[in-house]
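Visitor: I have just opened this entry and would like a walk through it. Could you take me through it slowly?

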Amino acid sequence: MKMPDPSHIMEVGMGYMASKALLTAVKLGLFTELGSSSMSATELKARFNLNGRGLLDFLDALHSLGFLNREGVGGDARYSNTEATGFFLNKNSLQYIGGILEMSNDRLYKFWGDLEEGLRTGKPQNEVKHTGKNQFEEFYASPERMRSFIEGMAGIQMGNFMTFARQFDFSGYKTLCDIGGASGQLSIIVSMHQPQLQCTSFDLPVVEPLAKSIIDRFGFSGRVATAAGDFFADDFPKADIITMGNILHDWGLEDKKKLMKKAYDALPAGGAFVAIESILDDERKANSAGLLISLTMLIETHEGYDFTFGEFTSCAQEIGFRKTSLMPLTGPTSAAIAVK
């Protein structure tokens, strides 16, 4: 009889080690500092004012995990970015996704330590537990915290927005409005790949100046507009396509349907509502990462959860959309599409 293999159990159970190594590298700014150059451990020690003990293990662990290139071995080795880390983890890149990793290091890593309490109580385990305020009040309490949150959300969706911008059939559509658009990232990326489209990023008034500055910094101020409002209190701007990236999963069922109905009302006949989320498979067993993200909603929100495509379709039909489809994007994420 073949003995069962404990490797997968140990890999997942001890996975926090690899996670924290990567998160620490991002927090230090290692990949940004390396840029397109290579550096030795001695140079990195001085650059980051590190003690030196454990530094080679740290750098070689990142190399063995596939996050750094290395030439040589030991004290004479030189380290550089891989193609992926240079593209996605250099803060000077438009494609930077490290914001969500910085937020994971600073917030989510410790909040996940209270998962057991969350399961016992059903209550959020983030700042809300200590202040009584919802997470968005906390995120927007200061410009620094707001920027950190917005950059984090931009990071988690970068690859998905790029894939959506290339693969969605935009023919016949002239306008797009991204609800909860934060930094304007989706609108910028769609405009980059679909210059015929006029895009608008809609978010709270406190967010709009930051979005405008980012849109202007990347040279899209003539093609991407901003609009300010509260997506529960105010009507959505009219558009041929209404998108939401990681918005619906923050809320309970009734609020999900309320936002979908507002999208329906803002669309013309034939218009498309697109929810870019970690859509779960209907049997709730294939999308492990999506299920873990849904657990994050337990930790971060009062009622939020990720949902299946079947659940999305049921809500869309109840509201009046005539058909739905699912477009896989990257990793656990898909675009759930409902056409009016």
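Visitor: How many salt bridges does the structure hold?

Guide: The structure holds 14 salt bridges, where a salt bridge is a side-chain nitrogen of Lys or Arg within 4 Å of a carboxyl oxygen of Asp or Glu. Please keep in mind that this is a predicted model, in which local features need pLDDT of at least 70 and side-chain atom pairs count only at pLDDT 80 or more, while totals for chains, interfaces and linings use all residues. Residues are numbered from 1 along each chain as its sequence is written, and side-chain values use heavy atoms, with hydrogens and water left out.

Visitor: Which residue forms a salt bridge with R47?

Guide: R47 is paired with E33, and the closest N and O atoms are 2.3 Å apart. The pair links distant parts of the chain, 14 residues apart, with R47 in helix α4 (residues 41–48) and E33 in helix α3 (residues 30–34). Helices here are DSSP runs of H or I with at least four residues, strands are runs of E with at least two, and both are numbered from the N terminus.

Visitor: Now the sheets. What is the order of the three strands in the open sheet?

Guide: The order is β1-β3-β2, with antiparallel pairing, and two strands count as paired if DSSP finds at least two bridges between them. The edge strands, each pairing on one side only, are β1 (38–40) and β2 (68–71). From one strand to the next the twist averages 35°, angles being taken from 0 to 180 degrees between N-to-C directions, with axes as lines fitted to C-alpha atoms, for helices over the stretch in contact.

Visitor: And how many bridges join β1 to β3?

Guide: Three bridges join β1 to strand β3 (residues 78–81), and S38 has S80 in β3 as its bridge partner. Helix α4 lies across β1 and β3 and runs at about 90° to β1. Helix α5 (residues 55–64) also packs on the sheet, where it touches β2 and β3, and its direction makes about 115° with that of β2; contact here means heavy atoms within 4.5 Å.

Visitor: What about the sheet of seven strands, which order does it have?

Guide: That open sheet has the order β6-β5-β4-β7-β8-β10-β9, with mixed pairing, and its edge strands are β6 and β9 (323–328). The twist averages 20° from one strand to the next. Strand β8 (residues 272–277) and strand β10 (residues 334–339) pair in the antiparallel sense over six bridges, and V274 has I337 in β10 as its bridge partner. Helix α16 (residues 309–319) packs on this sheet and touches β8, β9 and β10.

Visitor: Are β5 and β6 parallel or antiparallel?

Guide: Strand β5 (residues 198–203) and strand β6 (residues 224–228) pair in the parallel sense over five bridges, with C199 standing opposite V224 in β6.

Visitor: Changing topic, at roughly what angle do the axes of α2 and α7 cross?

Guide: The axes of helix α2 (residues 16–28) and helix α7 (residues 98–111) cross at roughly 120° and come within 9 Å. Among the residues that make the contact are Y16 and K20 of α2, together with E102 and Y109 of α7. The residues of this contact divide into six nonpolar, four polar and four charged, where Ala, Val, Leu, Ile, Met, Phe, Trp, Tyr, Cys and Pro count as nonpolar, Asp, Glu, Lys and Arg as charged, and the others, Gly among them, as polar.
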